[in-house]
Amino acid sequence: MSTLAERLGWGLLPAVPVPFRGDSMDETAQRRYAAWMGRHPVAGVAVWAHTGRGPHLSPDQRSAVLEAWRGALPDRVIVAGARDITMAIEARRGRADALLAFPQRDDPVTYHARLSRELPVIAFWLYEAAGGVAYDDATLHAILALPNVVGIKVATLDSVMTFQRLAGILRAHPDKLLITGEDRFLGYSIMLGARAALVGMGAALPDLQAGLLRSYAGRDWATFHARTAACDRLAEATFIPPMEGYVRRMLWAAAADGALPAEACDDPWGPPLPAEERDLVERVVRDARAAGD
């Protein structure tokens with residue numbers, strides 16, 4: 001049987017948002033979205049992550065989200081965000097395959113070790129403005145040395161220098177997977193050593209991003225460059241200030257891609273956004289589809 005790292009290698013894990021209408025989760029749209037994603041060449045998905053508003057959802061909502069995705073992707077990897085042991089236990093009981101450990105400032109090595117007794121763990125370097133913790137090198141080495149930590153997702157947002165440093169740390173742990181979370185420089189992060197992607201941008205145009213990873217693995221440079229450019233255009237329309245608005249922008253992108261109803265794109269925890277932003281997001285998605293990317 002393939003290991004979890006092998007199942008993730010050169011694969012895309014969209015961090016999927018949850019469709020809402022006002023303050024109510026649209027479970028019908030959720031199930032249709034999961035079925036839509038299941039028709040695309042993704043390695044799996046990440047639920048309950050920052051994009052999926054996991055800490056904000058009620059336990060019943062988290063259960064409904066995980067059940068929908070587990071049913072739609074029975075043979076693919078489901079990673080569930082976890083900020084504490086309660087969410088980790090919920091994820092195990094819901095048949096998730098792994099946890100994405102929300103950053104923890106207090107005793108992070110013990111925290112990762114405890115979570116890893118429930119399910120395999122992907123550590124998470126997240127930029128501090130989004131609630132991340134700048135783990136020092138010694139802490140990162142200790143986390144990556146834990147036997148049930150399979151790798152780390154790195155999402156600096158805009159710090160190539162930090163990504164380069166962290167990629168260097170991963171070279172001391174060749175059995176661990178460097179997973180990019182860098183929507184704004186996805187292609188370059190893969191060139192730096194990432195062998196999988198767990199990105200909110202994957203909520204729409206997932207075949208484009210999965211193809212980017214495959215083309216790099218296959219040394220198909222023309223396709224890699226073309227898809228990198230297309231992904232950059234999507235990121236430039238969605239991952240912009242206010243940054244917390246990216247969740248709603250990705251819901252708009254998913255709707256423009258045919259994955260969600262146009263009315264199921266509310267984000268109760270996000271900032272208000274102008275209508276012209278939606279117009280831009282929809283145009284970028286339409287142009288990518290028209291170009292065949």
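This is a predicted model: local features need pLDDT of at least 70, side-chain atom pairs count only at pLDDT 80 or more; totals for chains, interfaces and linings use all residues.
Colleague: What span is expected for helix α2 at 1.5 Å a residue, and which residue caps the N-terminal end of α2?
Modeller: Helix α2 has twelve residues and reaches 17 Å from its first C-alpha to its last, which is close to the expectation of 16 Å. At the N-terminal end of α2, a side-chain oxygen lies 3.2 Å from the backbone nitrogen of Thr28, and the residue that supplies this oxygen is Asp26. The expected span is thus 16 Å, and the capping residue is Asp26.

Colleague: In what order do the eight strands of the open sheet stand, and which are the edge strands?
Modeller: The pairing in this open sheet is parallel, and its order is β1-β10-β9-β8-β7-β6-β5-β4. Two of these strands pair on one side only, and these edge strands are β1 and β4.

Colleague: How many bridges join β1 to strand β10, and which residue of β10 stands opposite Pro14?
Modeller: Strand β10 covers residues 196-199 and pairs with β1 in the parallel sense, over four bridges. Opposite Pro14, the residue in β10 is Val199. The answers are therefore, under the rule that pairing needs at least two bridges, four bridges and Val199.

Colleague: Are Leu99 and Ala101 of β6 buried or exposed?
Modeller: In a regular strand the side chains alternate between the two faces of the sheet. In β6, Ala98 and Leu100 lie on one side and Leu99 and Ala101 on the other, and with both faces covered these residues are all buried.

Colleague: What is the bridge partner of Leu100 in β7?
Modeller: Strand β5 (residues 77-82) runs parallel to β6 and is joined to it by four bridges, with Leu100 of β6 as the partner of Gly81. Strand β7 (residues 121-126) also pairs with β6 in the parallel sense, here over two bridges. In β7, the bridge partner of Leu100 is Ile122.

Colleague: Which helix makes a β-α-β unit with β6 and β7?
Modeller: Strand β6 takes part in a right-handed β-α-β unit with β5 and α4. A right-handed β-α-β unit is also made by β6, β7 and a helix of residues 108-115, and that helix is α5.

Colleague: At about what angle does α3 run to β4?
Modeller: Helix α3 lies across two strands, β4 and β5. The angle is taken between N-to-C directions, and for α3 against β4 it is about 180°.

Colleague: Which residue makes a polar contact with the side chain of Asp267?
Modeller: Asp267 lies in the loop between α11 and α12 (275-291) and counts as buried because its relative accessibility is 3%. Residues up to four places away in sequence aside, Asp267 touches Glu244, Val247, Arg248, Leu251 and Arg53. The polar contact links two side chains at 2.7 Å, and the partner of Asp267 is Arg53.

Colleague: Is Trp48, with its positive phi, buried or exposed?
Modeller: Trp48 has a phi of about 60° although it is not a glycine, and its place is in the loop between β4 (44-47) and α3 (59-72). Arg95, in the loop between α4 (85-93) and β6 (98-101), likewise has a positive phi, of about 70°, and is exposed because its relative accessible area is 55%. Trp48 has 1% relative accessibility and therefore counts as buried.

Colleague: Is the peptide bond from Pro241 to Pro242 cis or trans?
Modeller: Pro242 lies in the loop between α10 (221-238) and α11 (246-256). The omega of the bond from Pro241 to Pro242 is near -10°, and the bond is cis.

Conventions: Residues are numbered from 1 along each chain as its sequence is written. Side-chain values use heavy atoms; hydrogens and water are left out. Buried means under 20% relative accessible area, exposed over 50%, partly exposed in between (1.4 Å probe, protein chains only). The expected span of a helix is 1.5 Å times one less than its number of residues. A polar contact is a pair of N or O atoms within 3.5 Å; within protein, one must be able to donate a hydrogen and the other to accept it, and residues adjacent in sequence count only if both atoms are side-chain atoms. A crossover is right-handed if, with the strands pointing away from the viewer, the path from the first strand over the helix to the second runs clockwise. Contact means heavy atoms within 4.5 Å. Axes are lines fitted to C-alpha atoms, for helices over the stretch in contact, and angles run from 0 to 180 degrees between N-to-C directions.
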